[in-house]
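Please find below a short note for the colleague reviewing this entry. The points are numbered and may be read in any order.

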Amino acid sequence: MQLYDVIIVGGGPCGLAAGIEATKAGLTHLILDMGSLTESIRQYPRRMRFFSTAENIEIGGLPFAISDVKAGRDEALQYYRKAAAYYHLNFKLFQEVWQVQKENDLFTVTTKTGERYQARKVIMATGYFTRPRWLNIPGENLPQVSHYYDEPFKYSFTNVVIIGASNSAVEAALELYRHDVNITVVHRGNDFRSTVKYWLVPDVKNRVKEGRIKTVFNSYVTQINEKSVTVNNLQTGEETQLPADFVLVLTGYIPDADLLRRCGIELDPVTQVPVYNKETFETTVPGLYVCGTVMAGIYTEKVFIENGREHAQSIIDHIMGREVHKVAELIQRI
């Protein structure tokens, strides 16, 4: 079995940044991912544009040159693929990691199908996009229900209920409305979330005023049926049925806490934030690090590519015994 200096679990932008920093430091590395390269971005809505400007999601010092200020999904997929090729990163894709175990000074990384790899250090950069926040209500597993939104054309001239009121829900609602979809947004709060991108707020609120996007606030879905959803009003207790050919449960995502625990990482029982050194990103298991959005726990809005990409340099600095690069803006807010 080949012994690597570093195994990186996760092939998203932050995992790629870690692989690039390892390459620059002369370390042998292997990147393992349960899906394709940058699987999470591949699952983004097809016409999505990033919140951050292109220069703020660059990795490896490679310019992200586009004609617009902010990149779209396809541009990002191309950029990260070319960055990986430029640095000759070493991958084994479609291999889902099940466990990381340390014995003496070596780590063994085991996949769900039984493959085993060894390394001196391991970096967990698994993100959170593969784990939707389930509502755990009857009917959530019906075929017309999805926790991901890809493109609008499937839904034209149908009734769609969106559960959630954050960025993903608002962007989906606006795009669907513009493709002749009858949209209803259901949310426990009394308005869209305050974290919705500022340029989307007037657009969605004007569509609500026009009656083109319906909202059912202060309410929650108790059951998903074949052609409807059952909604309960938090203030009155009144139960109603909303027509629904499709249901998009866009309530966010969380890191795989079970995987982190199987790797020996200690988590805060309430926030699910890993216990780690704020400068080096090393966990309570010496030689095992967290990198990128996986360290955010339930606060996934706090860590993203723009600040998560910086973790890689600090981690590799620590592995190499160098002065650790200080990440300026981080999770002290968590």
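Which residue in β6 stands opposite Ile 8? The residue is Ile 123.

1. Basis of the note. This is a predicted model, in which local features need pLDDT of at least 70, side-chain atom pairs count only at pLDDT 80 or more, and totals for chains, interfaces and linings use all residues. Residues are numbered from 1 along each chain as its sequence is written, and side-chain values use heavy atoms, with hydrogens and water left out.

2. Overall form. The chain holds 8 helices and 15 strands (DSSP runs numbered from the N terminus, helices being H or I of at least four residues and strands E of at least two). Its radius of gyration is 21 Å, close to the 20 Å that the globule rule gives for 334 residues, so the chain is as compact as a globular protein of that length; the radius is taken over C-alpha atoms, and the rule is 2.2 Å times the number of residues to the power 0.38. The C-alpha trace spans about 60 × 45 × 35 Å along its principal axes.

3. Strand β1 and its partners. Strand β1, residues 3–9, has 6 of its 7 residues buried. With β6 (residues 116–124) it pairs in the parallel sense over 6 bridges; two strands pair if DSSP finds at least two bridges between them. Strand β2 (residues 29–32) also runs parallel to β1, joined to it by 4 bridges, and here Leu 32 is the bridge partner of Val 9.

4. The β-α-β unit. Helix α1 (residues 13–24), together with β1 and β2, makes a right-handed β-α-β unit. Right-handed here means that, with the strands pointing away from the viewer, the path from the first strand over the helix to the second runs clockwise.

5. A search of the whole structure finds 16 salt bridges (a side-chain nitrogen of Lys or Arg within 4 Å of a carboxyl oxygen of Asp or Glu). One of them joins the side chains of Arg 131 and Asp 256 at 3.1 Å, N to O. This pair links distant parts of the chain, 125 residues apart: Arg 131 is in the loop between β6 and β7 (145–146), and Asp 256 in the loop between β14 (246–249) and α6 (257–262). Arg 131 counts as partly exposed at 31% relative accessibility, whereas Asp 256 counts as buried at 16%.

6. Further charged contacts. Arg 322 and Asp 317 meet through their side chains at 2.7 Å, N to O, in a salt bridge; Asp 317 is buried at 5% relative accessibility, while Arg 322 is partly exposed at 37%. In the salt bridge of Arg 73 with Asp 74, the N to O distance is 2.5 Å. Here Arg 73 is buried at 13% and Asp 74 partly exposed at 46%. A network of salt bridges links Arg 178, Asp 203, Arg 207 and Glu 210.

7. Nonpolar surface patch. Phe 51, Tyr 198 and Trp 199 form a nonpolar patch on the surface, with about 390 Å² of accessible area together. Patches are made of residues with over 30% relative accessible area and no salt bridge, with like charges joined within 9 Å and nonpolar side chains (Val, Leu, Ile, Met, Phe, Trp, Tyr) within 5 Å; accessible areas come from the Shrake-Rupley method with a 1.4 Å probe, and for residues only the protein chains shown count as cover. Phe 51 lies in the loop between α2 (39–42) and α3 (73–86).

Notes. Buried < 20%, exposed > 50% of the residue type's maximum accessible area, 1.4 Å probe, protein only.
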